[in-house]
Amino acid sequence: MDHMEDVATIAQLTGLDAVKLIGLIVKAANTARMHRKNCRQFANHLKLIGNLLEQLKISELKRYPETREPLEQLEDALRRSYILVHSCQDRSYLYLLAMGWNIVYQFRKAQNEIDRYLKLVPLITLVDNARVREKLEYIEMDQREYTLDEEDQKVQQVILKPDPCETDTVVLKKTLSCSYPKVSFDEALRKENEKLRLELQRSQTNLDMTQCEVIQRLLDVTQTAAVVCETEKSESVKGNKRAQPPYANEKYSFDGTSPKKNEISRTASTVSSRRDLLSNRSSHHHGEWHTDLLDCCAEPCLCLKTIFYPCGTFAKISTVANNKYMSSAEACNDLVAYSLILSCCCYTCCVRGKLRKILNINGGVFDDFLSHFMCCCCALVQEYREVEIRGVCGRS
């Protein structure tokens with residue numbers, strides 16, 4: 001379903017050249033509700049490329065076979081980038097927050113892909129015009145830093161808690177009030193609940209088990225917040241009846257059924273969806289790593305960090321693999337201890353094996369050992385990037 005929507009959007013953008021696509025991306029970035037900083041940084045980088053293409057007269061470049069193909073590839077990358085930026089405006093706010101690092105990685109990947117296609121255009125790389133060469137060099141140096149804001153990271157930790165509690169409602173209320181400034185908290189919760197259910201359907205269609213679990217947790221958060229909100233209302237009017245979430249009332253019913261039937265159907269739906277997910281898990285084919293083992297240089301900052309401070313990288317990987325929070329200090333202690341007893345690569349390759357099982361990735365013990373024995377840094381970078389791409393996190 002999500003894939004079909006993307007295909008439809010790309011079809012609508014067919015026929016627009018790179019300069020016009022960049023204009024649409026810039027416009028979408030200005031109205032983004034989530035990842036505003038990343039969207040605008042990405043848009044500013046694309047403006048530099050748009051100015052260069054305007055100067056080179058893109059319509060003339062398309063006349064030559066040598067430049068037509070790379071320009072068409074560039075336009076395809078820009079269409080996908082438009083979908084990425086536009087998704088930061090109309091999708092569930094809580095979903096975008098929970099998948100924050102995954103989206104950050106998509107921005108990094110999109111910029112690298114666009115810059116790579118730009119270099120493939122022969123007339124751009126071989127042009128003698130000094131000003132054009134200067135602009136191209138400036139684009140190459142314009143390496144934007146895409147990340148998740150500290151405030152968003154704090155909220156992400158709250159909404160991804162395994163067991164949402166009533167105190168988290170205050171944080172959630174503050175967050176949603178910024179995203180839905182013109183509606184009440186009840187209405188904002190209702191809208192988020194509807195969007196999250198659509199996201200759940202998409203993830204089930206794509207057999208994405210990790211995202212299904214994350215979205216189900218977000219649905220629990222919205223339902224807990226709804227109960228707390230209704231409880232506070234009933235206490236303010238000194239009501240004796242126990243509060244129910246707005247989704248259980250006729251007024252907020254999603255399917256038009258009575259409150260009791262709605263609750264029963266929702267419970268049955270949850271049980272059914274979880275049963276379907278379990279059955280899909282057994283039939284789901286094992287996947288591959290999203291990045292190559294020797295592709296660590298694609299993330300130079302992460303690569304250098306892993307070389308000089310592997311504990312920080314390994315701590316996040318171990319947190320996901322063991323589903324238990326591990327600090328950088330604990331990771332350092334473990335690595336030193338295993339280095340004295342056996343070899344740290346024996347320990348790290350075992351963690352890689354656990355990560356593969358959780359993320360349903362092909363491989364075996366021998367492959368894990370060779371990866372860490374031959375180049376432990378490359379293996380750690382690959383695992384860290386996989387965790388970011390999939391947007392998974394362990395228990396805190």
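The paragraphs below go from the whole chain to particular residues.

This is a predicted model, in which local features need pLDDT of at least 70 and side-chain atom pairs count only at pLDDT 80 or more, while totals for chains, interfaces and linings use all residues. Residues are numbered from 1 along each chain as its sequence is written, and side-chain values use heavy atoms, with hydrogens and water left out.

The protein chain holds 20 helices and zero strands, where helices (H or I, at least four residues) and strands (E, at least two) are DSSP runs numbered from the N terminus. Of its 396 residues, 45% are buried, a term that stands for under 20% relative accessible area, with exposed meaning over 50% and partly exposed the range in between (1.4 Å probe, protein chains only). Taking the contacts (heavy atoms within 4.5 Å) between residues at least 6 apart in sequence, 71% join residues at least 24 apart.

The interior can be described through its nonpolar cores, each a set of buried Ala, Val, Leu, Ile, Met, Phe, Trp, Tyr and Cys residues joined through side-chain atoms within 4.5 Å. The largest nonpolar core has 64 residues, and those touching the most other members are Phe42, Leu74, Leu78, Phe107, Ile159 and Leu176. Helix H13 (residues 209-236) is the biggest contributor to this core, supplying nine residues. Apart from it lies another core, of 24 residues, which includes Met326, Leu335, Leu359 and Tyr384.

Lys161 lies in the loop between helix H10 (150-159) and helix H11 (168-179), and Lys161 is partly exposed, at a relative accessible area of 31%. Although 56 residues separate Lys161 from Arg217 in sequence, their C-alpha atoms are 8.2 Å apart in space.

Two packed helices are described by the angle between their axes and the distance between the axes. Here axes are lines fitted to C-alpha atoms, for helices over the stretch in contact, and angles run from 0 to 180 degrees between N-to-C directions. Helix H18 (residues 344-359) packs with helix H20 (residues 376-390) at an angle of about 25°, their axes being 11 Å apart, and H18 and H20 are therefore roughly parallel, given that angles under 35 degrees count as roughly parallel, over 145 as roughly antiparallel, 65 to 115 as roughly perpendicular and the rest as oblique. In this contact Thr348, Arg352, Leu355 and Leu359 of H18 meet a set of H20 residues that includes Cys376, Ala379, Glu383 and Val387.

Helix H7 (residues 100-119) also packs with H20, at an angle of about 110° and with axes 6 Å apart, which makes H7 roughly perpendicular to H20. Trp101, Asn102, Tyr105 and Arg108 in H7 meet Arg385, Glu388, Ile389 and Arg390 in H20.

Asn360 is another, with a positive phi of about 60°, and Asn360 belongs to the loop between H18 and helix H19 (365-374).
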